[in-house]
Amino acid sequence: MNQTIASSIRTIPGHPKPGINFRDITTLLENPKAFRMTIDQFVQRYMDQNITAVAGIESRGFVFGSVLAYELSVPFLSIRKAGKLPAETISQSYQLEYGEDVMEIHKDCVKPGDRVLIIDDLIATGGTVSAAIKLVRQLGGVVVESCFVIDLPDLGGSKKVQEEMDCPCYSICEFE
Ligand code: PRP
Ligand code: HPA
């Protein structure tokens, strides 16, 4: 684990409710050295994998994903919460701790056979990224990997996504 990156992430005890240690990436983004190291680590991993598009998950996946797409010189695709994307979309619901939410993607943004890298800041239960994987696959894209700055392995999401979605997960840091 890269200590410069890991130590740039702030922990907020009790947010958004008692008992949760919230891992806050705003302090990583405010640290140019840590931000550059994060992007460089992803670039090194994906530069030779024939990635043809990077799909970022709203909202914090957009911050890392847009820079990564720029560095890889490939299109950036937006996966957004329902009702935000203006053109024709497909939708996928997913479980939250309480209730459910819906993610959408523009129907025309994935080209059949595209080799897509999905990116978000963090994987917890894996529900969000599983919805994103389903959306990309439904449009004929191949999800090469899903990647994250942070994995919370105790919540089981990365294991579940690898086993049940048959999609590799890569993360830079792990936290309890
Ligand atoms: C957080 C995080 C991931 C998701 C991970 O986003 O940025 O997208 O939760 O959780 P999961 O693996 O249990 O699905 P959040 O839903 O808080 O939305 P936001 O980025 O818009 O704040
Ligand atoms: N940080 C940010 N997003 C999250 C977290 C966290 O610790 N847990 C679930 N979503």
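Are Tyr 46 and Tyr 170 buried or exposed? Both residues are buried (buried means under 20% relative accessible area, exposed over 50%, partly exposed in between, with a 1.4 Å probe and protein chains only). The model is predicted: local features need pLDDT of at least 70 and side-chain atom pairs pLDDT 80 or more, while totals for chains, interfaces and linings use all residues. Residues are numbered from 1 along each chain as its sequence is written, chains are lettered from A and ligands numbered from 1 in the order in which they are written, and side-chain values use heavy atoms, without hydrogens and water.

The aromatic contacts come next. Across the whole structure, four aromatic pairs are found (rings of Phe, Tyr and Trp, the last by its six-membered ring, pair if their centres lie within 6.5 Å; planes under 30 degrees apart are stacked, over 60 edge-to-face, the rest tilted). In one of them, the ring centres of Phe 35 and Phe 64 are 5.9 Å apart, and the planes stand at 90 degrees, so the pair is edge-to-face. Phe 35 belongs to helix H3 (residues 32-46) and Phe 64 to helix H4, 29 residues apart (helices are DSSP runs of H or I with at least four residues, strands runs of E with at least two, numbered from the N terminus). Phe 64 is buried, at 0% relative accessibility. Tyr 46 and Tyr 170 also form an edge-to-face pair, with 6.5 Å between centres and 85 degrees between planes. Tyr 46 lies in helix H3 and Tyr 170 in strand S9 (residues 169-174), so this pair ties together parts 124 residues apart in sequence. Ring pairs join Phe 42 to Tyr 46 and Tyr 170 in a cluster.

Salt bridges were searched for in the whole structure, and six were found (a side-chain nitrogen of Lys or Arg within 4 Å of a carboxyl oxygen of Asp or Glu). One of them joins Asp 24 and Arg 10, at 2.9 Å from N to O. Asp 24 lies in strand S2 (residues 21-24) and Arg 10 in strand S1 (residues 10-13), so the bridge ties together parts 14 residues apart in sequence. Asp 24 is buried at 9% relative accessible area. Arg 10 is partly exposed at 40%.

A salt bridge also joins Asp 121 and Arg 60, again with 2.9 Å from N to O. Asp 121 is in strand S7 (residues 115-123) and Arg 60 in helix H4 (residues 60-72), 61 residues apart. Asp 121 is buried, with a relative accessible area of 5%. Arg 60 is partly exposed, at 36%. Beyond four places in sequence, Asp 121 touches Ile 25, Arg 60, Gly 61, Phe 64, Phe 148, Val 149 and Ile 150 (contact means heavy atoms within 4.5 Å).

Lys 107 and Glu 88 form a further bridge, their closest N and O atoms 2.9 Å apart. Lys 107 is partly exposed at 39% relative accessibility, whereas Glu 88 is exposed at 54%.

Helix H5 was examined for its span. Its 12 residues (127-138) should span 16 Å at 1.5 Å a residue, and the end C-alpha atoms are 17 Å apart, which agrees (the expected span is 1.5 Å times one less than the number of residues). Its buried residues include Val 129, Ala 132, Ile 133 and Val 136. Gly 140 follows H5, with a positive phi near 90 degrees.
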